[in-house]
Amino acid sequence: MARTSMTLALKAATLALLLASPAVWADGRAMSHKDRSGAATQASLARAKQKLQQQQAQVAQLQGSVAKQESDSKQASERLQQQDKAIAQMQQELQALQAKQAAGHR
């Protein structure tokens, strides 16, 4: 469940980043209004590309962090399961000893 919510959060963050970025044509050219000069458009495109690269790096970092947290969580869960099994076995041994002791006192 935590993995699903983290995945959804990452998808939502990616979508928000894309929506916040300036619109571009499929070939990467910035959409411009007729009154913009070519130089201003190029500068805007360069800034948008740089921002997109930074945001993509941030998304990759977050995905790595989520993967590590999921791995750590899985390992912790496995350790807890092993401990639960050990506890159950010790409880059975204790009950057997108590039953044997009770039978010896009769």
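1. Lys68 comes out as exposed, its relative accessible area being 51%. The cut-off for that label is over 50%. Keep in mind that this is a predicted model.

2. What does Lys68 pair with? Its side chain meets that of Asp72 in a salt bridge, with 2.9 Å from N to O. A search of the whole structure turns up 1 salt bridge.

3. On the geometry of that pair: Asp72 and Lys68 both sit in helix 2 and are 4 residues apart, so about one helical turn separates them. Asp72 is labelled partly exposed, at 34% relative accessibility.

4. Now for Gln55, which is also worth a look. Helix 2 covers residues 38-104, and Gln55 is found in it. Is Gln55 buried or exposed? Its relative accessible area is 10%, so Gln55 counts as buried, the cut-off for buried being under 20%.

5. How far apart are Gln55 and Thr14 in space? The C-alpha to C-alpha distance is 8.3 Å, while in sequence the two are 41 residues apart.

6. Stepping back to the whole chain, I see 2 helices and 0 strands. Of its 106 residues, 9% count as buried, and Gln55 is one of the buried ones.

Terms used: Residues numbered from 1 in each chain as written. Predicted model: local features only at pLDDT ≥ 70, side-chain atom pairs only at ≥ 80, totals over all residues. Heavy atoms only, no water. Buried < 20%, exposed > 50% of the residue type's maximum accessible area, 1.4 Å probe, protein only. Salt bridge = Lys/Arg side-chain N within 4 Å of Asp/Glu carboxyl O.
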